[in-house]
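This briefing is intended for a reader who is new to the structure shown below.

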Amino acid sequence: MYAMTRSVQAQRSGHVGAKAADLLSVKVLGPLLLATLAGLPIGAALWAVGAQMLDAAAWQALWADPQIGRAWGMTLWTGLASTALAWLTVAHVLASGFIRQQLGRWLSRLPALLATPHAAMAIGLVLWLSPSGWALRLVSPGLTGFDAPPPWFTTQDPSGLGLILSLWLKEVPFLLWVAATQMQREDLRRRWQAEYALAQTLGRTPAQAFAQIIWPQLAPRLRWPLLAVLAYGLTVVDMALIIGPATPPTLAVLAWQWLSDADPLTQSQGVAAAGWLTGTVLVGGVLMVVALKAFAAMRKFASRGSLPQSQATDRVGLLQQKTLKWVLHFCRRLPLQPNVMWTTILTTYAAVWFALTVGSVSGVWPFPNVWPELWTLNAWQQVASSAHTVWTTLGLGVASASVCLLWSVAWLELAPRRWQQALQPWFLLPLVLPSVLWVVGLYSLALHTRLEGQWLGLSLAHAVMVLPYVLLALVPAYQAVDPRQAALVASLGHGRWVYLWRVKWPLLQRAIASAWAVGFAVSVAQYLPTLYVGAGRFATVTTEAVALAAGAQRSLMSAYAALQMLLPIAAFALAAWLGRPRRFEKIAPMKATL
Amino acid sequence: MNDGLHVHIERLGSARQALVSGLRLAVPPGEILTLMGPSGCGKSSVLASIAGTLASVSEGLQPLQLQGSVQLNGRELSHLPTHQRGVGLVFQDALLFPHMTVAENLLFAVPVGDAKGTRSTNAQRQARVQQALQEAELSGMGERDPSTLSGGQRARVALMRALLAEPQALLLDEPFSKLDAALRAQLRPWVFAHVRERRIPVVLVTHDEQDVADPQRVVHLRATEESPSHV
């Protein structure tokens with residue numbers, strides 16, 4: 001009997017051994033291959049740019065440049081101010097929306113806001129705010145007495161307010177979208193609603209319950225996106241070119257100007273500036289993570305009801321909590337509706353879309369007139385005659401979004417959770433490091449592989465920039481998948497593919513479709529990589545719009561900016577249609593029999 | 001002698017600590033064994049070892065591993081993937097697929113071919129779904145969105161779905177715990193009658209004495225000293 005058991009066991013372990021080899025190939029080699037595929041270009045680009053940064057002459061030239069100090073100061077001011085404003089706004093919108101149970105309805109408008117590219121937003125604001133813009137036209141000459149545009153710096157203002165405004169308008173929807181991917185996860189949604197209700201039964205007001213229970217759990221989940229927002233604010237180029245200060249510009253714009261210079265020393269000075277900018281982002285990021293650790297301490301405080309170990313973190317936590325309370329308090333005191341922030345943002349977006357639309361069909365439009373004297377489709381005809389620009393944009397967007405989606409799904413299916421957690425920061429790097437840094441790295445990578453100025457190289461460069469967004473869009477949905485569902489499907493006798501095709505992927509359909517649309521929108525909005533890795537050979541609606549922003553062709557600029565917005569909106573509409581929930585036959589509810 | 005479900009767990013646990021050890025279960029066809037114990041004692045992990053779904057319960061924790069054997073009608077299961085074991089599962093949440101109608105949920109479980117390899121036609125499979133709906137007292141509700149069903153209706157659909165897959169053994173993981181007392185009292189005899197009718201071994205996990213199907217077949221699991229329930 002004993003011997004028989006042994007032999008059965010031996011047989012079994014032999015079998016297991018053979019299987020283990022099979023499993024090893026799929027379970028380890030698959031994710032390993034995928035990790036290399038995505039991680040290698042990122043690493044190689046960083047390596048290439050790092051090597052170029054070890055140039056003492058470049059750094060000396062950078063320090064000797066008379067503009068560097070003020071440019072850096074402007075970078076810090078615009079980046080920090082817009083991030084802080086965006087953070088407070090998001091806290092307020094989420095709190096007031098959650099408390100009033102309207103968050104879901106509000107957030108359903110997000111895709112349109114997300115789809116508006118940074119450059120289009122900046123151009124739309126310029127159409128409103130510039131000295132010859134709509135805002136002044138509406139009150140001229142009646143209130144102002146102006147017959148000609150005044151010599152004001154209302155855009156490209158030396159204090160960077162226009163840039164801060166447009167960054168704020170763009171970053172709030174992004175942060176809200178990431179918050180929504182968390183708050184609309186079925187598991188979290190239910191738990192948070194229950195905890196929120198529970199806190200109120202313990203005597204908290206709705207605002208306190210949100211501030212003490214929901215926000216401390218949500219805030220740490222927004223760590224990466226907030227870091228991305230900070231990095232974006234500190235390093236944005238296209239937006240700063242259009243609406244940012246010019247004398248001096250922000251450091252990112254300076255770096256970009258130097259990089260595009262013909263002189264090699266100036267170019268390497270640009271690389272050094274990109275490096276300095278990266279250092280700024282990293283230091284800013286570390287400071288922010290420290291601040292967010294305090295949120296975690298606060299969460300402990302809230303959930304366990306006992307004091308956290310460290311008094312210091314406790315104090316920071318309380319400070320954060322107080323800040324939020326203060327925001328809520330402040331907003332309640334305003335003689336306005338609690339949704340004033342959200343309404344303001346929506347209205348501004350609507351105004352920007354309207355300005356772009358009208359601008360694109362405007363002909364002659366002398367200054368104080370509110371409406372153009374002549375309406376014309378000239379600009380759109382010009383766009384149509386250079387249709388290859390649109391096709392390039394579409395092609396790059398579809399290719400990079402699709403590649404990134406396929407990769408992300410494969411990665412999330414195959415990679416063990418620990419790998420994903422360990423490697424995620426690496427994959428998200430393009431989100432947090434300056435794009436002026438990436439273009440240098442990606443360009444030298446493209447040079448080495450002879451892909452510079454090639455369609456393939458450009459679409460891969462886009463893919464590197466798109467991947468973090470697609471991954472970020474998919475991960476929460478994957479985390480929310482109930483592992484028992486896989487067990488259940490298997491217990492019904494179905495294999496893994498049936499589970500994936502008929503249960504898991506259909507249930508993730510909405511998240512998958514919107515991740516693709518986000519990826520497409522990110523690709524459409526790419527400015528630096530398109531110019532730099534494309535070696536100037538590829539024009540997209542974004543490069544055209546930004547290039548035209550410096551000139552005087554208002555209608556053509558508006559048309560490209562409108563198009564830059566319409567393409568992603570179309571993608572989001574397509575995603576919404578593909579990801580629509582199934583409509584069941586409406587049947588009159590029956591009395592439950594059991 | 002080999003008929004039924006024979007489980008011998010020498011050791012079930014993570015590399016560092018054992019959750020269950022030295023457990024033997026034998027369930028003849030048509031009998032219902034009740035597995036009881038406090039939460040955290042490893043009841044659900046025992047079911048997962050039988051179904052081969054340990055990977056999904058150990059999510060986020062230390063991976064659990066089984067040393068021992070699971071035999072069903074003389075067939076060793078422990079090296080087989082779940083979908084080849086012929087072991088059905090019913091959880092406390094009905095886990096109906098939300099993107100399918102009630103009838104589609106049931107159809108999903110109906111095998112396309114039988115053991116002899118003869119394929120059933122669509123009409124035959126649909127007929128089995130209709131019959132199952134009838135048995136669940138849900139005739140005419142096949143086209144409904146599962147989220148519009150009551151808790152008791154969902155539980156019955158979940159059981160019918162598991163049975164339609166023609167499992168050779170069935171595991172019920174606290175199938176009544178989300179229902180109120182009155183509903184449980186109604187549902188229990190219905191479930192027991194249906195599973196006994198199939199002449200397959202059934203393991204029921206519960207912590208409610210009233211759920212015991214057969215007082216002759218009850219196994220109590222005790223929490224091990226260092227079990228995670230104390231953490």
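Arg496(A) counts as partly exposed because its relative accessibility is 46%. In this predicted model, Arg496(A) forms a salt bridge with Glu413(A), with the closest N and O atoms 3.5 Å apart. Since Arg496(A) lies in helix α24 and Glu413(A) in helix α18 of chain A, the pair ties together parts that are 83 residues apart in sequence.

**Salt bridges within chain A**

- Glu413(A) is buried, as its relative accessibility is 14%.
- Glu413(A) also forms a salt bridge with Lys504(A), where the closest N and O atoms are 3.1 Å apart. This pair links distant parts of the chain, with Glu413(A) in helix α18 and Lys504(A) in helix α24, 91 residues apart.
- Lys504(A) counts as buried, at 12% relative accessibility.
- Over all chains, the count comes to 14 salt bridges.

**Salt bridges between the chains**

- Across the interface of chain A and chain B, 2 salt bridges are found.
- The side chains of Glu104(B) and Arg582(A) meet in a salt bridge at 2.5 Å, N to O. Glu104(B) lies in helix α3 (residues 102-109) of chain B and Arg582(A) in the segment after α27 of chain A, so the pair joins two chains.
- Glu104(B) is partly exposed, with a relative accessible area of 30%, and Arg582(A) also counts as partly exposed, at 39% relative accessibility.
- A salt bridge of 2.9 Å, N to O, is formed by the side chains of Arg484(A) and Asp93(B). A network of salt bridges links Asp482(A), Arg484(A), Asp93(B) and Lys178(B).

**The interface of chain A and chain B**

- Chain A contributes 33 residues to the contact and chain B contributes 42 residues.
- The two chains bury about 3300 Å² between them, 63% of it on carbon and sulfur atoms.
- The interface holds 5 residue pairs in polar contact. On the side of chain A that touches chain B, α1 (2-53), α23 (483-491) and α24 (496-525) each supply at least two residues.
- Helix α23(A) provides the largest share of that side, 8 residues. By type, the residues on the side of chain A that touches chain B are 17 nonpolar, 8 polar and 8 charged.

**Chain A: overall fold and buried sites**

- Chain A comprises 27 helices and 0 strands, and 52% of its 594 residues are buried.
- Of the contacts in chain A with a separation of 6 or more, 80% are between residues 24 or more positions apart.
- Helix α26 (residues 541-549) has buried residues, including Val541(A), Ala545(A) and Leu548(A). Among the elements that cover the buried residues of α26(A) are α18, α24 and α27 of chain A.
- Thr280(A), in helix α14 (residues 264-304), counts as buried at 9% relative accessibility. Apart from neighbours within four places in sequence, Thr280(A) is in contact with Trp72(A), Leu76(A) and Leu234(A).

**Chain B and the nonpolar core**

- The largest nonpolar core has 255 residues, and those with the most contacts inside it are Leu94(A), Val46(B) and Leu170(B).
- Beyond residues up to four places away in sequence, Leu170(B) touches Leu89(B), Leu163(B) and Ile200(B), among others.
- Glu76(B), in strand β5 (residues 75-76) of chain B, is buried, with a relative accessible area of 14%.
- A polar atom of the Glu76(B) side chain lies 3.2 Å from the backbone nitrogen of Val70(B), and the side chain of Glu76(B) makes a polar contact of 2.5 Å with the side chain of Ser78(B).

Technical notes:
Residues are numbered from 1 along each chain as its sequence is written. Chains are lettered from A and ligands numbered from 1 in the order in which they are written. This is a predicted model: local features need pLDDT of at least 70, side-chain atom pairs count only at pLDDT 80 or more; totals for chains, interfaces and linings use all residues. Side-chain values use heavy atoms; hydrogens and water are left out. A nonpolar core is a set of buried Ala, Val, Leu, Ile, Met, Phe, Trp, Tyr and Cys residues joined through side-chain atoms within 4.5 Å. Buried means under 20% relative accessible area, exposed over 50%, partly exposed in between (1.4 Å probe, protein chains only). Contact means heavy atoms within 4.5 Å. Buried area is the accessible area (1.4 Å probe) that two parts lose on being put together, summed over both. A salt bridge is a side-chain nitrogen of Lys or Arg within 4 Å of a carboxyl oxygen of Asp or Glu. A polar contact is a pair of N or O atoms within 3.5 Å; within protein, one must be able to donate a hydrogen and the other to accept it, and residues adjacent in sequence count only if both atoms are side-chain atoms. Helices (H or I, at least four residues) and strands (E, at least two) are DSSP runs, numbered from the N terminus. Ala, Val, Leu, Ile, Met, Phe, Trp, Tyr, Cys and Pro count as nonpolar, Asp, Glu, Lys and Arg as charged, and the others, Gly among them, as polar.
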